[in-house]
Amino acid sequence: MADEEGLIQGLKDQQPIALKNFLEQYQERVYNTALSFVKDVSDAEELAQDVFLTVWNSISGFKGESSLSTWVYRITVSKSLDLIRSKQRKKRFAFLTSLTTIRNEIKHHPVNWVHPGILQENKEKAAYLFRAIDQLPDNQKIAFTLSKLEQLSQKEIAEVMQIKEGAVESLIQRAKQNLRKYLEGIYDEIK
Amino acid sequence: MQSEKQKWVEDVLSSAEGVVRANAPDITDAVLSRIDTAGQYNIAPSSGDNSMIWRIAASVVFLLLLNVVTIYSYQSNMKRSMQALEVRAAASEFGLGQNTSSDPAAAIFGN
């Protein structure tokens, strides 16, 4: 805790060494969280940089009401969802423009992405899981991803999402129900 | 007893178990280079942000000019179309352009 307070103060004082320590401690966490949401290595890298810049620029306003890690997760999740929405808008636009082109080509392709941290024997099935996760509403997506992929506790997730712990459990249960529904649909497609 | 579909669904759901963190690329240098290091770490916009403002202003001016050109071109076309309609209306009033007779003189001067 004392370490975290020292780090926060160092960042507020704009000390370069504090920034480097902060990057060392958090970049893996931030990158992996971003990767779980945006499903693209270069997007995750770019997003991680944006998160650190935001923290650097906003640290003077950090009141310490939550832990530093909770605040960083919150920024990461928020920026990840913004990027996903922005990509979905571009995809829709690309689809519309593809309707007006004479050539009959698809401008966007379905994603069969798998988190690099998934065990080798599970990769094929995990690809379907990630397809299904994509279809979840945002709140369920956040709760499920932070729980299963980032392995945060429900208490930590509740702090990140600024909701009650009971609400987190409810979101995860609903996410699983919806995932089962989507996966049954995918099973019917492939079999 | 679980059906094959249900078993498959549960297998897929549990495929994320035991996931490990992927190795993060070292972005320290990238982050530092994006922060203004000219003597101080500050939040003030860098010269790059000023050029953004100029680019936005230039885009706005360009769009305004495009609008003006489009409106002018539309008005010119409308004017030409109206003039053509007026000529046609005037010509039909005098029986011109209808060509009801094979006699060109009759077509111009009537019967």
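A residue is buried if 20 or more other C-beta atoms lie within 10 Å of its own, exposed if 12 or fewer do, and partly exposed in between, with C-beta atoms placed from the backbone. By this criterion, A:Ile157, A:Ala158, A:Glu159 and A:Val160 of helix α7(A) are buried. The model is predicted: local features need pLDDT of at least 70 and side-chain atom pairs count only at pLDDT 80 or more, while totals for chains, interfaces and linings use all residues. Residues are numbered from 1 along each chain as its sequence is written, and chains are lettered from A and ligands numbered from 1 in the order in which they are written.

Secondary structure was assigned from DSSP runs numbered from the N terminus, namely helices (H or I, at least four residues) and strands (E, at least two). Chain A comprises eight helices and zero strands, and its elements run α-α-α-α-α-α-α-α from the N terminus on. Chain B has four helices and zero strands, in the pattern α-α-α-α along the sequence. Buried residues account for 32% of the 191 residues of chain A, and for 5% of the 111 residues in chain B. Two residues are taken to be in contact if their C-beta atoms, placed from the backbone, lie within 7 Å. Among contacts in chain A between residues at least 6 apart in sequence, 55% join residues at least 24 apart.

The contact between the chains takes 33 residues from chain A and 23 residues from chain B. On the side of chain A that touches chain B, at least two residues each are supplied by α2 (16–38), α3 (41–58), α5 (123–133) and α8 (165–190). Residues were classed as nonpolar (Ala, Val, Leu, Ile, Met, Phe, Trp, Tyr, Cys and Pro), charged (Asp, Glu, Lys and Arg) or polar (the others, Gly among them). The residues on this side of chain A divide into 17 nonpolar, eight polar and eight charged.

A nonpolar core is defined as a set of buried Ala, Val, Leu, Ile, Met, Phe, Trp, Tyr and Cys residues joined through C-beta atoms within 7 Å. The largest such core has 50 residues, of which A:Ala34, A:Ala48, A:Leu129 and A:Ala143 touch the most other members. At least two residues of this core come from each of α2, α3, α4 (68–100), α5, α6, α7 and α8 of chain A, together with α1 (4–13) of chain B. The largest share, 10 residues, is provided by α2(A).

Two packed helices are described by the angle between their axes and the distance between the axes. Axes are lines fitted to C-alpha atoms, for helices over the stretch in contact, and angles run from 0 to 180 degrees between N-to-C directions. The axes of α6 (residues 138–148) and α7 (residues 154–161) of chain A come within 10 Å and cross at roughly 140 degrees. This angle makes α6(A) oblique to α7(A); angles under 35 degrees count as roughly parallel, over 145 as roughly antiparallel, 65 to 115 as roughly perpendicular and the rest as oblique. The residues in contact are A:Ile142, A:Ala143, A:Leu146 and A:Ser147 of α6(A) and A:Ile157, A:Val160 and A:Met161 of α7(A). By class, six are nonpolar, one is polar and none is charged. Helix α6(A) is largely enclosed by the rest of the structure, because nine of its 11 residues are buried; among them are A:Ile142, A:Ala143, A:Leu146 and A:Ser147.

The axes of α7(A) and α8(A) come within 8 Å and cross at roughly 100 degrees, which makes α7(A) roughly perpendicular to α8(A). Here the contact involves A:Gln154, A:Lys155, A:Ile157, A:Ala158 and A:Met161 of α7(A) with A:Glu165, A:Val168 and A:Glu169 of α8(A). These comprise four nonpolar, one polar and three charged residues.

Positive phi values occur at several residues of chain A other than glycine, including A:Gln14, with phi near 60 degrees. A:Gln14 lies in the loop between α1 (2–12) and α2 of chain A, and counts as partly exposed because it has 16 C-beta neighbours inside 10 Å. A:Lys39, also not a glycine, has a positive phi of about 60 degrees and is located in the loop between α2 and α3 of chain A. With 20 C-beta neighbours inside 10 Å, A:Lys39 counts as buried. A:Gln162, which follows α7(A), has a positive phi near 60 degrees.
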